Amino acid sequence: MLILGLESSCDETAAAIVADGRSVRADVVASQHDLHRPYRGVVPEIASRAHLDRVLPTIRAAVAEARIALGDLDAVAAGVRPGLIGSLLVGTSAAKGLAWGLDLPFVAVDHVEAHLHAGLLEAAPATFPAFGLVVSGGHTSFFEVGPEGVVRRLGRSIDDAAGEAFDKAAAMIGLEHPGGPKLAALARKGDERRFALPRPTLDRHRFDVSFSGLKTAFRRCVLRELGIDDPAVDPRDRAGTLSDGDRADLAASFEAAAVETILAKVELAFGGAATSRFPTLLAGGGVLGNDRLRRGLVAIAERHDIDLRLPRPEWCVDNAAMIAGAAFARRSRGERDALDLAAEPLSVWSRPEATGTS
Ligand code: KG4
Ligand code: ZN
């Protein structure tokens with residue numbers, strides 16, 4: 001079954017063609033980072049206009065890369081939530097238009113769930129239930145995942161998402177948006193023990209995390225290194241005066257604290273009982289581009305003998321292969337969505353009642 005998937009939730013316009021939820025035939029991503037960099041963040045209006053310019057060329061490129069004709073497709077899917085609403089509307093409307101024009105089923109996909117599918121692409125089938133970890137710019141959530149997708153949310157960040165925390169910390173030491181990967185690159189040269197930062201675990205028995213305390217402590221550290229007493233000063237305006245060594249040590253200290261905060265919750269899923277009820281760990285989201293986090297997850301998986309699915313780096317960040325992949329399970333059950341289904345800014349997994357235990 002060949003599915004065309006579209007992704008346009010934030011600042012990447014992407015189209016991919018995936019066979020049977022696993023075999024990636026085409027994978028095209030047009031990123032807009034250059035357009036947003038001067039504003040230190042994604043500007044929704046600029047994003048949606050750029051998606052409009054790029055969506056059709058991106059779809060054409062994917063069809064050409066897969067060497068298929070549009071008539072070979074069996075369904076068209078789009079990430080319909082969560083995200084910037086103007087951006088989501090572009091991919092969703094394009095997918096609906098194609099589905100209608102080609103008389104194919106339209107399949108709506110939740111972007112957060114799709115991140116968990118990334119580890120199933122180009123890989124052997126997994127055993128379920130799986131423990132699911134999504135760490136992206138918009139989400140830090142822990143899930144129980146069954147063969148047909150997410151069963152329930154076990155917990156999440158009560159404030160910033162991990163990627164958002166990385167990006168804000170990066171901005172405080174003068175790195176351009178999105179600063180997460182730049183902070184991680186600097187961290188390799190720094191001393192993680194130089195600055196003592198908190199690892200807020202909240203309740204040790206629950207899958208909830210918080211990054212706001214870490215962010216505040218980091219801000220204080222940066223201001224202290226800049227020799228600024230006034231807490232109202234924005235460190236981003238002065239960060240240019242930090243020495244390279246201080247900046248690297250700050251980056252390393254922040255990265256260690258943020259990664260250990262995430263790993264403590266993953267360990268909770270596998271560490272407590274003698275044998276875990278999760279044979280598989282599915283991980284997804286842009287923050288998995290982080291080497292320290294990847295190494296930490298590998299170590300946990302080895303210790304507990306778990307099948308860890310770390311997606312390839314290009315499928316950790318936003319992409320459409322995960323959207324087309326995630327659509328497959330629903331399509332195989334014969335499900336499809338109405339063409340008047342609305343795109344939505346929030347994931348169903350962001351709703352307070354979505355949680356199973358917390
Ligand atoms: O999943 P993603 O592409 O977009 C969302 O759905 O949000 O994640 C992007 C996030 C950004 O916040 C980016 O800074 C972060 O992932 N990120 C990293 C690294 N690479 C990307 N954070 C820490 N270390 C990295 N190496
Ligand atoms: Zn994402």
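# Report on selected features of a predicted model

At 3% relative accessibility, Cys-221 counts as buried, because this value is under the 20% limit. The structure described here is a predicted model. Cys-10 accordingly belongs to no disulfide, and the nearest cysteine sulfur, which is that of Cys-316, is 16 Å away. A disulfide would need two cysteine sulfur atoms within 2.5 Å.

| Residue | Relative accessible area | Class |
|---|---|---|
| Gly-284 | 0% | buried |
| Cys-221 | 3% | buried |
| Thr-58 | 5% | buried |

Two of the residues in the table may be followed into their surroundings. Gly-284 is found in strand E9, which covers residues 280-284. Its relative accessible area of 0% makes Gly-284 buried. Beyond its neighbours within four places in sequence, Gly-284 is in contact with His-115, Leu-133, Val-134, Val-135 and Pro-311. Pro-125 and Gly-284 are separated by 159 residues in sequence, and their C-alpha atoms are 17 Å apart in space.

Thr-58 has its place in helix H2, which covers residues 44-66. With a relative accessible area of 5%, Thr-58 is buried. When residues up to four places away in sequence are not counted, Thr-58 touches Thr-13, Ala-14, Ala-15, Val-28 and Ala-30.

The aromatic rings form a further topic. A search of the whole structure finds nine aromatic pairs. One of them joins Phe-131 and Phe-207, whose ring centres are 5.4 Å apart and whose planes stand at 45°, so the pair is tilted. The reason is that an angle counts as stacked under 30 degrees and as edge-to-face over 60, with the rest counted as tilted. Phe-131 lies in strand E6 (residues 130-135), whereas Phe-207 lies in the loop between helix H6 (180-187) and helix H7 (212-225), so the pair ties together parts that are 76 residues apart in sequence. Both Phe-131 and Phe-207 are buried. These two residues also belong to one aromatic cluster, formed by Phe-131, Phe-142, Phe-207, Phe-270 and Phe-278.

The last topic is the packing of helix H5 against two other helices. How do the axes of helix H5 (residues 162-172) and helix H8 (residues 244-271) cross, and within what distance do they come? They come within 11 Å and cross at roughly 170°. H5 is therefore roughly antiparallel to H8, because the angle is over 145 degrees. On the side of H5, the contact is made by Ala-162, Ala-165, Phe-166 and Ala-169, and on the side of H8 by Phe-254, Glu-255, Ala-258, Val-259 and Ile-262. Sorted by class, this contact of H5 with H8 has eight nonpolar residues, no polar residues and one charged residue.

The axes of H5 and H7 come within 10 Å and cross at roughly 10°. H5 is therefore roughly parallel to H7, because the angle is under 35 degrees. Here Lys-168, Ala-169 and Met-172 of H5 meet Lys-215, Phe-218, Arg-219 and Val-222 of H7. By class, the contact of H5 with H7 has four nonpolar, no polar and three charged residues.

Definitions and conventions. Residues are numbered from 1 along each chain as its sequence is written. Chains are lettered from A and ligands numbered from 1 in the order in which they are written. This is a predicted model: local features need pLDDT of at least 70, side-chain atom pairs count only at pLDDT 80 or more; totals for chains, interfaces and linings use all residues. Side-chain values use heavy atoms; hydrogens and water are left out. Helices (H or I, at least four residues) and strands (E, at least two) are DSSP runs, numbered from the N terminus. Buried means under 20% relative accessible area, exposed over 50%, partly exposed in between (1.4 Å probe, protein chains only). Contact means heavy atoms within 4.5 Å. Rings of Phe, Tyr and Trp (its six-membered ring) pair if their centres lie within 6.5 Å; planes under 30 degrees apart count as stacked, over 60 as edge-to-face and the rest as tilted. Axes are lines fitted to C-alpha atoms, for helices over the stretch in contact, and angles run from 0 to 180 degrees between N-to-C directions. Angles under 35 degrees count as roughly parallel, over 145 as roughly antiparallel, 65 to 115 as roughly perpendicular and the rest as oblique. Ala, Val, Leu, Ile, Met, Phe, Trp, Tyr, Cys and Pro count as nonpolar, Asp, Glu, Lys and Arg as charged, and the others, Gly among them, as polar.
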